[in-house]
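Visitor: Mind if we look at how the strands pair up in this one? Please bring it up on screen.

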Amino acid sequence: MMTANEIRDSFKKYFESKGHAIVPSAPMVVKDDPTLMFTNAGMNQWKDIILGTKDPEPRRRADSQKCLRVSGKHNDLEEVGHDTYHHTMFEMLGNWSFGDYFKEGAIDMAWEYLVDVLGLNPNDLYVTVFEGSPEEGIARDDEAARYWGKHVPADHIINGNKHDNFWEMGDTGPCGPCSEIHLDSRTPEEKAKVPGRDLVNKDDPQVIEIWNIVFMQFERKADSSLVPLGMNVIDTGMGFERLVRALQGKHSNYDTDVFQPIIKKIEELTGLKYESGEAKGEDIDVAMRVISDHIRAVAFSIADGQLPGNAKAGYVIRRILRRAVRYAYTFLGQKQAFIYRLLPTLTAEMGASYPELVAQQELISKVMKEEEESFLRTLETGIRLLDKVMAETKAAEKKEIGGVEAFTLFDTYGFPLDLTQLICRENGLGVDEDGFTTEMKKQKDRARNAAKVETDDWVTVSHVQEGEKANENEAQHGDSIFVGWDYTETACHILRYRRITQKKQTSYQIVLDKTPFYAEMGGQVGDQGVLVSENDTIEIIDTKSENGLTVHIAKQLPACLDAEFMACVDTDKRHASEANHSATHLLDQALREVLGTHVEQKGSLVSPDGLRFDFSHFQKVTPEELREVERIVNGRIRENISLTDHRNVPIEKAKELGAIALFGEKYGDHVRVVQFGKSVEFCGGCHVKATGQIGMFKIISESSVAAGIRRIEAITGTKVEEMLYAMEDTVMAIRNMFNGQPDVRANIERIIMENAEMKQQVEGFIHEKGQLAKKVLIEKAEHKGDITIIKGLLLLPPETVKDIVFQIRAEVPDALIAIGSMNQDKPLLTCGASDNLVKDNGVNVGKVIRDAAKLIQGGGGGQPHFATAGGRNADGLSAALDKFVELALNTTQA
């Protein structure tokens with residue numbers, strides 16, 4: 001029986017023998033096609049060739065392509081695990097012809113490979129052809145039927161409808177009629193009862209499609225019309241897992257050696273059995289199938305650079321992993337991170353064919369483990385509560401759980417809404433999403449008012465003038481109009497105020513009818529400044545947003561509350577914040593260009609003093625990469641790119657502009673988009689009018705804040721200037737040390753080299769002195785029976801004294817060694833004993849030295865054969881040496 005790896009190789013070898021170039025699999029994560037997040041078919045990477053925008057040579061190609069189908073038209077996620085043949089990640093064996101052979105050649109080669117090479121029984125094979133579409137003016141594919149007639153009887157050729165036999169990648173793009181090859185793997189008895197042709201495309205688990213041959217000859221336009229392609233294209237796709245199942249004589253893809261090694265590992269780790277036949281076995285079987293499938297999808301996605309996240313492709317991967325975690329938790333009893341432990345088995349089975357698994361195994365494991373641990377924390381109590389809510393909902397004969405209950409899961413247990421919807425859908429229930437949103441809004445309102453402060457009621461000073469609303473260049477924040485995108489000062493009146501007492505400190509919150517002050521949000525800190533009237537100047541120490549209202553915080557109130565004021569922002573701080581905010585946008589874009597489009601902002605802090613930017617990335621950013629990022633940002637600063645400020649634009653228009661949504665915020669129907677050339681982002685913050693106003697950009701640190709999350713801290717403008725001056729002053733100070741010689745680096749290198757040479761010489765002198773001292777100590781040794789007592793005071797470094805002790809131990813039998821020295825003006829005892837004194841006479845230097853050290857007012861210890869002790873009384877050093885020898889000799893006599 002052929003193994004899965006042998007079958008994959010046989011496919012490549014066969015088509016190589018037919019003149020096809022064997023090409024590597026494209027990444028499963030699509031990075032250069034706005035219509036796709038993942039490769040969902042083998043032809044994705046050839047789209048530009050099919051559309052005529054790229055050279056088709058070589059015209060014959062074949063490969064095994066990694067694919068993922070979990071969203072959009074090809075959504076198989078909910079079926080995975082519950083049947084025996086659907087998967088998220090799968091391999092597609094494919095061969096292509098770009099303007100070379102067409103229907104006859106493709107059909108002949110497919111038949112030859114399946115029947116002559118692999119040895120499938122031709123009586124078990126059925127084929128379909130497109131029945132035609134009168135409404136689109138497409139006739140039945142008689143040509144394909146005629147070519148199939150060379151290989152199979154007429155009753156094995158079946159007409160297929162548009163859904164099954166007209167292949168389209170999406171709403172637009174290449175398409176055409178197709179022929180499917182179906183395999184009937186039922187028992188002879190089953191085949192005798194019902195002919196296979198009656199079960200084709202009828203969802204029978206034993207009569208399944210294994211190969212689809214697409215005769216691509218059209219392109220679907222946005223208006224749904226079909227136009228001919230510039231050349232006929234053959235695009236075939238054979239489900240690798242299904243083919244292996246057929247050749248290995250299994251009735252389930254999960255019984256093949258594609259999945260069995262993983263399932264066996266799951267059995268080993270859980271102590272449970274797959275297909276045990278027990279009452280609860282079905283749930284266990286589904287769970288094991290889900291996990292063995294999903295680990296492949298997640299591992300390959302991370303290997304291709306897509307980390308789990310909260311949006312787009314990252315969210316899809318997170319959802320797949322969380323589904324697997326939930327099944328492991330619920331049906332396999334896994335309360336700890338578990339799925340990442342299957343990764344070595346997956347890598348061992350597929351690493352040879354896909355070396356990216358081997359190369360990135362550590363990263364994949366780290367990311368998966370953290371994701372599992374994070375999600376498991378939400379499951380323990382959340383699932384139990386949701387089970388109870390669903391039971392109560394069904395008992396009340398309702399079709400959806402309430403928004404309040406769904407929000408309680410989210411607010412109390414961190415249970416995400418999308419998972420609640422997923423579990424409810426699997427149990428035939430819906431979720432009141434509008435009710436959830438209402439509760440979320442209430443919670444935000446409560447959170448804003450939950451601070452531990454004493455808050456007085458609002459005191460109304462004046463009312464908004466009738467008809468006073470923000471224009472298209474302003475923003476309406478409650479009753480207040482924000483003009484800070486264009487102005488840093490404006491005439492205004494106080495609408496209301498209230499007193500706040502916190503930690504015995506009193507401050508006042510002031511609401512203005514019109515304000516240039518930016519309230520802290522989106523990572524940008526609030527503005528500071530003053531309110532000025534004819535008689536008062538009130539300092540604004542901060543600006544916050546509360547319930548959508550801009551609140552100015554002051555230490556005191558003006559004497560005349562109903563006066564007209566000028567609201568004046570501290571322009572130095574504002575301009576510094578604007579520079580740092582705009583630099584953050586340029587940094588985001590530069591990181592995506594240098595590190596890859598997997599980079600996604602995870603948080604930021606923008607203040608007058610600098611910026612902090614957190615982003616997803618799976619390894620430390622190298623100094624070279626950081627330098628390249630700096631060069632790109634500073635290059636765009638020098639370009640002096642003007643701000644293109646798209647205000648109050650429809651959300652769809654913003655997306656068309658390519659805006660990048662940040663912070664996972666929920667956006668309204670109309671938004672603001674900030675654009676600096678290639679950098680396009682949703683943003684309500686304050687920015688420079690042109691990038692030249694940033695001045696200069698400098699990264700000061702790069703670090704990790706979590707697995708897969710990096711942090712960059714940077715400064716701009718005058719802060720960079722100050723840093724450069726400080727560096728210049730340091731260099732000048734060093735230069736002055738060398739009497740003003742210009743080449744500071746060369747002088748420092750010379751000094752370091754000279755120091756190293758002198759250090760080496762000193763070490764040589766110390767070594768010579770140490771050897772001489774050792775010789776003298778040995779010559780002056782005393783003898784007590786068979787024991788040689790070596791004792792003395794040395795003016796040598798501790799490391800040298802230690803070396804001497806060990807050398808004497810090796811050279812002198814039955815030696816008892818006690819040496820006193822000084823270390824940083826403090827006395828030090830360094831003592832040792834030969835191995836035979838330790839073994840035969842019971843000497844324990846570590847114990848003896850503790851008592852001797854009392855004479856130098858210190859302590860110490862060590863091993864039986866060597867120990868040290870330090871102290872404070874240098875005058876007692878000689879007495880301590882004598883005491884050590886006395887106590888050690890007493891041990892030998894005892």
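Visitor: In which order do the 6 strands of the open sheet sit?

Guide: First, a caveat: this is a predicted model, where local features need pLDDT of at least 70, side-chain atom pairs count only at pLDDT 80 or more, and totals for chains, interfaces and linings use all residues. Residues are numbered from 1 along each chain as its sequence is written, and side-chain values use heavy atoms, with hydrogens and water left out. Strands here are DSSP runs of E, at least two residues, numbered from the N terminus, and two of them pair if DSSP finds at least two bridges between them. The pairing in this open sheet is mixed, and the order is 31-32-33-34-36-35.

Visitor: What residue is the bridge partner of glutamate 782?

Guide: Strand 31 runs antiparallel to strand 32 (residues 787-793), with 3 bridges between them. In strand 32, the partner of glutamate 782 is isoleucine 789.

Visitor: How many bridges join strand 17 to strand 18?

Guide: These two form a hairpin with 2 residues between them, and lysine 503 in the turn has a positive phi of about 50°. Strand 18 covers residues 505-512, the two run antiparallel, and the count is 8 bridges.

Visitor: Which residue in strand 17 stands opposite valine 459?

Guide: Strand 13 (residues 459-460) pairs with strand 17 in the antiparallel sense, over 2 bridges. Opposite valine 459 is tyrosine 497.

Notes
Helices (H or I, at least four residues) and strands (E, at least two) are DSSP runs, numbered from the N terminus.
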